Amino acid sequence: MRIKRWQFVVGGIVLAAVVGLLTVSLHQRASPTQESMAVPQNNPTAQERKEVLDDTHDAMAQDNLPNRTDGMDTPTDAAVTVPIVMYHGLIEDPQRQNRYMIDPAYFEQDLQYLTDNGYHTIVIQDLLDYFDKGTPLPDRPIMLTFDDGYYNNYLYAYPLLQRYHCRAVLSPIGSEAVKAVEEIRRHANYSQCTWAELAEMAASGCIELQNHTYALHRLEEGRRGAGRKSGESDEDYIRLLQDDLQQFNAVMQEATGQVPLCFTCPFGEKNDTMLSVIREMGFRAMMDCEEKPNVLTSVEDLYHLHRYLRPNEKSSETFFARLLS
Ligand SMILES: [Zn+2]
């Protein structure tokens with residue numbers, strides 16, 4: 001007991017000495033400036049010491065930030081890193097699983113892994129609000145995306161997202177969702193979502209729909225996805241893109257009341273003309289399939305969002321180690 005008390009007393013003296021030295025050193029640092037006038041020189045309270053420490057911390061942080069002009073903590077001052085994952089279909093039959101059709105169990109493991117490790121799923125609108133309005137992003141933001149609008153997304157991904165309180169961006173092919181209504185026997189292995197199902201998911205708030213073309217998601221002679229056909233004139237190519245993307249937007253608006261803000265390139269095919277067309281049409285973002293990190297410093301960077309394909313037969317830990325390192 002005597003020893004413990006002795007240790008307590010010495011510890012208290014050392015702590016008091018450290019706090020005293022720190023306070024003196026901070027006051028000396030601030031003393032040549034006007035700011036020091038506002039700080040009492042004798043017996044500063046804990047709150048006053050905290051304010052000095054906060055000011056010092058802010059000043060140090062500001063030194064490290066690029067392009068700071070106004071002293072306000074606006075989102076555009078600092079880069080935000082947002083990994084984006086690309087999924088397509090979720091299929092239970094192992095015989096049908098491949099690079100683009102993965103076991104739904106992997107998707108659930110991914111949601112569990114992200115939840116356990118403090119990641120928060122965001123959608124395109126969150127990035128726009130961050131840059132446009134300064135709305136803060138959650139800690140450890142990550143984006144999950146589904147391409148092509150498979151019916152199995154509705155069957156498996158949608159309930160799992162709701163169960164884990166996560167969100168995802170879904171980019172269906174417009175004409176496929178129109179045709180899906182006519183299908184008599186629908187199946188998780190091959191069917192597409194209808195616009196009614198897409199609208200239901202969008203209304204739930206956990207799915208954000210984006211444009212994956214109305215009918216350009218195909219490989220035809222000389223054209224890959226929404227890419228330019230060999231020898232095609234600017235005028236023809238621009239008109240083709242405008243007509244197709246507008247048709248998607250119109251169908252989506254009628255079905256959901258919402259307008260897509262992001263263009264998700266089929267097969268990752270992109271070019272400068274496409275980018276200028278989507279900008280002029282009012283799209284605010286574009287997603288490709290390049291497996292690169294997204295370090296976003298301005299709203300302009302949303303036109304170059306890259307994504308990592310989530311393959312089958314990899315643990316969540318192994319897959320995310322690559323994205324989140
Ligand atoms: Zn696609």
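Mentor: I would begin with Glu317, which is classed as exposed because 10 other C-beta atoms lie within 10 Å of its own. The classes are set by counting other C-beta atoms, placed from the backbone, within 10 Å: 20 or more make a residue buried, 12 or fewer make it exposed, and counts in between make it partly exposed. The model is a predicted one, in which local features need pLDDT of at least 70 and side-chain atom pairs count only at pLDDT 80 or more, while totals for chains, interfaces and linings use all residues. Residue numbers start from 1 along each chain as its sequence is written.

Glu317 belongs to helix H10, residues 316-324. Helices (H or I, at least four residues) and strands (E, at least two) are DSSP runs, numbered from the N terminus. Although 204 residues separate Glu317 from Tyr113 in sequence, their C-alpha atoms are 7.3 Å apart.

As a background to this, the chain has 325 residues, of which 31% count as buried, and its secondary structure comprises ten helices and 14 strands. Two residues are in contact if their C-beta atoms, placed from the backbone, lie within 7 Å. Of the contacts between residues at least 6 apart in sequence, 65% link residues at least 24 apart.

Helix H3 covers residues 104-116, and its axis comes within 10 Å of that of H5, crossing at roughly 15°. This makes H3 roughly parallel to H5, a description that applies to angles under 35 degrees. The axes are lines fitted to C-alpha atoms over the stretch in contact, and angles run from 0 to 180 degrees between N-to-C directions. On the H3 side the contact is made by Pro104, Phe107, Glu108 and Leu111, and on the H5 side by Tyr156, Ala157 and Leu160.

After H7 comes Gly205, which has a positive phi near 90°.

Strand S6, residues 141-148, is largely enclosed by the rest of the structure, because seven of its eight residues are buried. Two strands pair if DSSP finds at least two bridges between them. S6 and S7 run parallel and are joined by four bridges, with Pro172 of S7 as the bridge partner of Asp148. S6 is also parallel to strand S5 (residues 120-121), to which two bridges join it; here Thr121 has Ile142 of S6 as its bridge partner.

Definitions and conventions:
Angles under 35 degrees count as roughly parallel, over 145 as roughly antiparallel, 65 to 115 as roughly perpendicular and the rest as oblique.
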